[in-house]
Amino acid sequence: MYRYGEYLGYIDVKFDHVGKVVRWTGGPIHLTNQTAQDTALQSQIETWRVLFDAFGNDLVGNTTVLLDSSLCKTSECNFGDLICDVMINYRERVRARGVRLNGGGIRIDSFPGEITRADAIVRQ
């Protein structure tokens, strides 16, 4: 996938009886504002959306400060510190000694207020 969902890939694979790939076809699909929407797929998405919205609306935290991403590519930043602290906390049961995080993956700010599961997933 290219940035912003501009390309979508597809692949069809045929396997033999032992699981070996015997044939495949596929490639990228360039999506533009001229690309026709698949109405059957859109209907499925709307059905799934109900479940995802319920999952995503769960409150997972809050912040009283701006979680700033502007320095994360070049230096330590409070958003990166939070992400690393959460990962260490999650992995404590397996005795993780540290975390390495690519600051380029922190691309937006999170403003003071409640943070839902959807915010945490979408705002990476």
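**Notebook: loop, bridges, patch and core**

I began with Leu71, which lies in the loop between strand S3 (59-63) and helix H2 (78-91); helices (H or I, at least four residues) and strands (E, at least two) are DSSP runs, numbered from the N terminus. I noted that this is a predicted model, in which local features need pLDDT of at least 70 and side-chain atom pairs count only at pLDDT 80 or more, while totals for chains, interfaces and linings use all residues. Residues are numbered from 1 along each chain as its sequence is written, and side-chain values use heavy atoms, with hydrogens and water left out.

**Entry on Leu71**

I looked up the accessibility of Leu71 and found a relative accessible area of 45%, so the residue is partly exposed. The classes I used are buried (under 20% relative accessible area), exposed (over 50%) and partly exposed (in between), with a 1.4 Å probe and protein chains only.

**Entry on salt bridges**

How many salt bridges does a search of the whole structure find? I recorded two, a salt bridge being a side-chain nitrogen of Lys or Arg within 4 Å of a carboxyl oxygen of Asp or Glu. Side chains of opposite charge can pair when their charged atoms come close.

I examined Arg49 and Asp53, whose closest N and O atoms are 3.0 Å apart. Both residues lie in helix H1 (residues 39-56), four residues apart, about one turn of the helix. Asp53 is partly exposed at 31% relative accessibility, and Arg49 is partly exposed at 48%.

I then turned to Arg117, which forms a salt bridge with Asp58, the closest N and O atoms being 2.8 Å apart. Arg117 lies in helix H3 (residues 117-122) and Asp58 in the loop between H1 and S3, so this pair ties together parts that are 59 residues apart in sequence. I read 24% relative accessibility for Arg117, which counts as partly exposed, and 36% for Asp58, also partly exposed.

**Entry on the nonpolar patch**

I located a nonpolar surface patch of about 520 Å², made by Ile11, Val13, Phe15, Val21 and Trp24. The elements that give two or more residues to the patch are strand S1 (7-15) and strand S2 (21-30). The largest share, three residues, comes from S1. For the patch, I took residues with over 30% relative accessible area and no salt bridge, where like charges are joined within 9 Å and nonpolar side chains (Val, Leu, Ile, Met, Phe, Trp, Tyr) within 5 Å. The accessible areas come from the Shrake-Rupley method with a 1.4 Å probe, and for residues only the protein chains shown count as cover.

**Entry on cysteines**

I found one disulfide in a search of the whole structure, taking a disulfide as a pair of cysteine sulfur atoms within 2.5 Å. Cys72 and Cys77 form this link, with their sulfur atoms 2.0 Å apart. The angle about the S-S bond is 100°, and the link is right-handed. I noted that Cys72 is buried at 7% relative accessible area and that Cys77 is buried at 10%.

I placed Cys84 in helix H2, where Cys84 touches Val99 and Leu101, leaving aside residues up to four places away in sequence; contact means heavy atoms within 4.5 Å. Cys84 and Leu101 are 17 residues apart in sequence and 7.1 Å apart in space, C-alpha to C-alpha.

**Entry on the core**

I listed the largest nonpolar core, six residues in all: Leu67, Cys72, Cys77, Phe79, Ile106 and Ile115. Such a core is a set of buried Ala, Val, Leu, Ile, Met, Phe, Trp, Tyr and Cys residues joined through side-chain atoms within 4.5 Å. In soluble globular proteins, nonpolar side chains tend to be buried together. Among the contacts of Leu67, with residues up to four places away in sequence not counted, I noted Phe79, Leu82, Ile108 and Ile115.

**Entry on Val50**

Finally, I looked up Val50 in helix H1, which is exposed with a relative accessible area of 57%. Val50 and Arg97 are 47 residues apart in sequence and 39 Å apart in space, C-alpha to C-alpha.
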